[in-house]
Amino acid sequence: MKCISFLQTYRGSVRPFVNFDAVHDADILHRAMKGLGTDEDVILMLLAARSNNQRQQIKAAYKTAYGKDLVSALKSELGGLFESLIVALMTLPVVYDATLLHKAIKGVGTDDDVLIEILASRSGPRLRDIIHVAEFGSNLEKDICGDTSGYYQRLLVILLQASREEGVDEANIAKDAKDLYAAGKGKFGTDEEKFINILGNRSAEHLRKVFDAYKKLCGSDIEDSVEGETTGNLENLLLAVVKCSRSVPSFFAESLYRSMRRAGTDDDTLMRVLVSRSEEDMLDIAACFKDKYGASLYSTIQEDTTGAYRKCLLYLCRSRD
């Protein structure tokens, strides 16, 4: 399977557990944490084999049966990266994204990698849901504008509107390709406004056709123009938008490769991608990883991580190919 394919079948590595019983699962988790010591294997095998919706039902059943919050109980028994991974799995996906964005722009500095990843890769409906998460009582657009600037800020805000055009406008494919060329390689200096308006507002399907037309027009990929004409966070965001328009699984395969094949392991990225894509397209990401890098995602995770944390990540990855 080539990583550029777009399959309509379910491509998540985690599916709803068939013979699901929330009360039974809550009891198993209670016994795994009861008394001296904690059976981490039971916790990770059970929670990694349930969908997020099922985990929420287990959480409710646990509170009814034992009068306390399951996430708080898990936190008191676990530690380190494994604790962070389990807590992430127990969080509603839209709340997880909103939490990541909140952390990225609050406190000292800005985690631009998180901003870029989420705003470039999430669907319009998901972004609209993220905006309305009430937990933080703040305006996400206002917070982003307070932490960023320039054309980078403007493209982030455009993406946050989640109002991309739908479908393909055949009449404007050639025009968009020519406009992108004229905004970059075809002139002295760069018309960043044109780049962000086209890449930020057109549908992914339309952009893929524009990228093909662009290559026929000037003999090079749009990525070459972005890299040659822009720098810093704007360059990184534009490239992320281009890559996600081409293939979201390929974009995440590259993120996972970078997280494990540099000096040390970027556990934040590794965990974030495995959790957020486990019910979306993890099987496609694993296939892309193998196609792009000639290595198994499963074995790469196995080599780069340890302990219960590693076991849980491997359960989320599933694919051994």
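Phe 251 is buried, at 9% relative accessible area. Buried means under 20%, exposed over 50%, and partly exposed in between, with a 1.4 Å probe and protein chains only. Phe 252 is buried too, at 0%. The model is predicted: local features need pLDDT of at least 70, side-chain atom pairs count only at pLDDT 80 or more, and totals for chains, interfaces and linings use all residues. Residues are numbered from 1 along each chain as its sequence is written, and side-chain values use heavy atoms, without hydrogens or water.

Now the aromatic rings. Rings of Phe, Tyr and Trp (its six-membered ring) pair if their centres lie within 6.5 Å; planes under 30 degrees apart are stacked, over 60 edge-to-face, the rest tilted. This rule gives five aromatic pairs. Phe 251 and Phe 252 make an edge-to-face pair, with 5.2 Å centre to centre and 75° between the planes.

Tyr 257 and Phe 289 make a tilted pair, at 6.0 Å and 55°. Tyr 257 sits in helix H16 (residues 248-260) and Phe 289 in helix H18 (residues 282-293), so the pair ties together parts 32 residues apart in sequence. Helices are DSSP runs (H or I, at least four residues), numbered from the N terminus. Tyr 257 is partly exposed at 31%; Phe 289 is buried at 1%. With Tyr 293, Tyr 257 and Phe 289 form one aromatic cluster.

The surface brings in charge. Asp 111, Asp 113, Asp 266 and Asp 268 gather in a negative patch. Patch residues have over 30% relative accessible area and no salt bridge (a Lys or Arg side-chain nitrogen within 4 Å of an Asp or Glu carboxyl oxygen); like charges are joined within 9 Å, nonpolar side chains (Val, Leu, Ile, Met, Phe, Trp, Tyr) within 5 Å. Asp 268 lies in helix H17 (residues 267-277) and is exposed at 56%.

Note on methods. Areas by Shrake-Rupley, 256 points an atom, 1.4 Å probe, with all protein chains shown as cover. Lys, Arg positive; Asp, Glu negative; His and termini not counted. Charge placed at Lys NZ, Arg CZ, Asp CG, Glu CD. Helix = DSSP H or I, 4+ residues; strand = E, 2+ residues; numbered from the N terminus.
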